[in-house]
Amino acid sequence: MRAIIDELKTTAATTAATDLRAAFSADPQRFRRYSVSLDDLLMDFSKTAVNDRVITLLETLAEEAGVAQKRDAMFSGEAINFTEGRAVLHTALRNRSNQPVLVDGKDVMPDVNGVLAAMAGFANGIRSGSLKGATGRRITDVVNIGIGGSDLGPAMATLALSPFHDGPRAHFVSNVDGAHIADTLKGLDAETTLFIIASKTFTTIETMTNAASARAFIAEKLGDDAVKHHFAAVSTALDKVAAFGIASERVFGFWDWVGGRYSIWSAIGLPLMIAIGTENFGRFLDGAHAMDLHFRDAPVRENLPMLLGLIGFYHRNVLGYPSRAILPYDQRLARFPAYLQQLDMESNGKGVTVDGTPVEGDSGPVVWGEPGTNGQHAFYQLIHQGTSIVPAEFMIAANGFEPHLRHQHELLIANCLAQSEALMKGRTLEEAKAQLTSKGMDEGQAEAIAPHRVFPGNRPSITFVYDQLTPFALGRLIALYEHRVFVEGVLFRINSFDQWGVELGKELATGLLPIVEGKETADDHDSSTAGLVARLLKTRS
Ligand code: F6P
């Protein structure tokens, strides 16, 4: 791989489309050549510094790294998460073809379908009002208590699919900060509220603490006996859920081969199913399955996740860009950047290869973003004129859901396309000067001001276009990014499916709690930590 990466570096420096403006002028077919589609989903990567040679080298890189073989190993249930001895089978959760998927010789599909059916029964009961609260009133509000993968997926997707939301109101509590649950409960009536405790391990301190507060809320208002009518749980740790006291018919399981950040397709999606209904949830799974089949079967040059991953690797490890911005032109995708932060950074933020040796070059980039057009009025300045190059990933639907606000959607599209065009084209010093003088500024002043109005251009972006943000389209988009993370992980030669890096902080927090509670001293800690504890305790009431 080293030799190909070196060749890519040389190619990028000498022959790649490093002058994108010139590349577009020289080749009127550039968009056609460097864009690919899956049904109505188009990915335009013509505004990145690629040419045929770069694509060929990236294709060779994928071959050398064994991306296709590793992909097939994932789909077939091999224990590719070797540090935890687990298969990685979120694809089985949306395996709508229902072909058997074997883990240790056992087909997991009957269990997957069984849980989906149980979720549907429960979701329909809550939605129809046949499952009621303890006092016989209909459930109007569902509060999901979970964190990380047990929160971000359903929270992001419920917001994204709000035009399809016809079930009870959905709320998401994640932070251990009591402000989160307190503010959420403030507007809620215990008699009509259902809590879903979502935790793969059912040990996560934030979730267990919030769950205890929720239980106290119900018990205080309606009595202990009411708890069983107002709670459901989602977990792989069924014994721990039972100990919490949630009735078994309200517990929805999943399996250790589902990573937290890949779990939206499992019972973790229950709040989404309650919000949008079982049919729409099925379409959401269908969309992801369509992307799975495409990822599995399409040749590299037509394969969206392969190309997205290869270009991501190229940006990170050949061109050296340390971050990438996720810029959905869709207010309902407001939580998508945060969702991708966990998916990408928890998966590929690693420093050790599968051999246990340090990663050569870099692993995953920093992922960040906000919806356009809000971001335009906040941080786009840096993306356009700052000294760091930030590859941007734009996404836009051809249609919104507000026919009466058609003009606003036109403005949204125009803004999205304008940004990628501006990043690519930039504005030269001459153009800046000419613009100023054409507005009546004298030559001398134009000379002084023009450098501030120069845009370097050549700033890479990828744009995704699709018809509308339906459940199918969202499922497909998430699966696209999941597989992109997979491809990049293989190229970085890391295990994308563990997350040991979150453990140390958790351990130290456990050790610090008795000190913060005033039960122990901070003598064994560094002077900064001890000083901060002392400062906080001094004015605690
Ligand atoms: O932050 C680490 C992590 O394990 C994530 O990977 C996971 O999504 C989150 O915590 C929540 O874990 P659980 O679902 O077990 O409560």
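This is a chat about selected features of a predicted model.

User: Before we start, how are residues numbered, and what kind of model is this?
Analyst: Residues are numbered from 1 along each chain, as its sequence is written. The model is predicted, and local features need pLDDT of at least 70, side-chain atom pairs count only at pLDDT 80 or more, while totals for chains, interfaces and linings use all residues.

User: Which residues does UniProt list for "active site"?
Analyst: The unreviewed UniProt entry lists Glu 346, His 377 and Lys 506 under that name. They span 161 residues in sequence and the farthest two C-alpha atoms are 36.4 Å apart, so they do not all gather at one spot. UniProt positions are given in the numbering used here, feature names are shortened, and annotations may be inferred rather than shown by experiment.

User: Where is His 377, and is it buried or exposed?
Analyst: His 377 sits in the loop between β11 (366-369) and α17 (380-385), where helices (H or I, at least four residues) and strands (E, at least two) are DSSP runs numbered from the N terminus. His 377 is exposed, because 9 other C-beta atoms lie within 10 Å; a residue is buried with 20 or more other C-beta atoms within 10 Å of its own, exposed with 12 or fewer, and partly exposed in between, with C-beta atoms placed from the backbone.

User: And where does Lys 506 lie?
Analyst: Lys 506 belongs to helix α22 (residues 503-516), and with 10 C-beta neighbours inside 10 Å it counts as exposed.

User: Which residues other than glycine have a positive phi, then?
Analyst: Asp 39 is one of them, with a positive phi of about 50 degrees, and Asn 98 has a positive phi near 65 degrees. Asp 39 is in the loop between β1 (35-38) and β2 (41-44) and is partly exposed, with 13 other C-beta atoms within 10 Å. Asn 98 lies in the loop between α6 (90-93) and β3 (102-103) and is exposed, with 11 other C-beta atoms within 10 Å.

User: Switching to helices, how does α15 pack against α21?
Analyst: Helix α15 (residues 304-318) and helix α21 (residues 471-492) pack at an angle of about 50 degrees, with their axes 8 Å apart; axes are lines fitted to C-alpha atoms, for helices over the stretch in contact, and angles run from 0 to 180 degrees between N-to-C directions. α15 and α21 are therefore oblique to each other, given that angles under 35 degrees count as roughly parallel, over 145 as roughly antiparallel, 65 to 115 as roughly perpendicular and the rest as oblique.

User: What about α16 and α21?
Analyst: Helix α16 (residues 336-348) packs with α21 at an angle of about 20 degrees, with the axes 10 Å apart, which makes α16 roughly parallel to α21.

User: Last topic, which residues come nearest the ligand?
Analyst: Of the 14 residues around the ligand, Gly 148, Gly 149, Ser 199, Thr 204 and Gly 260 come nearest, where a residue is near a molecule or strand if its C-beta atom, placed from the backbone, lies within 6 Å of it.
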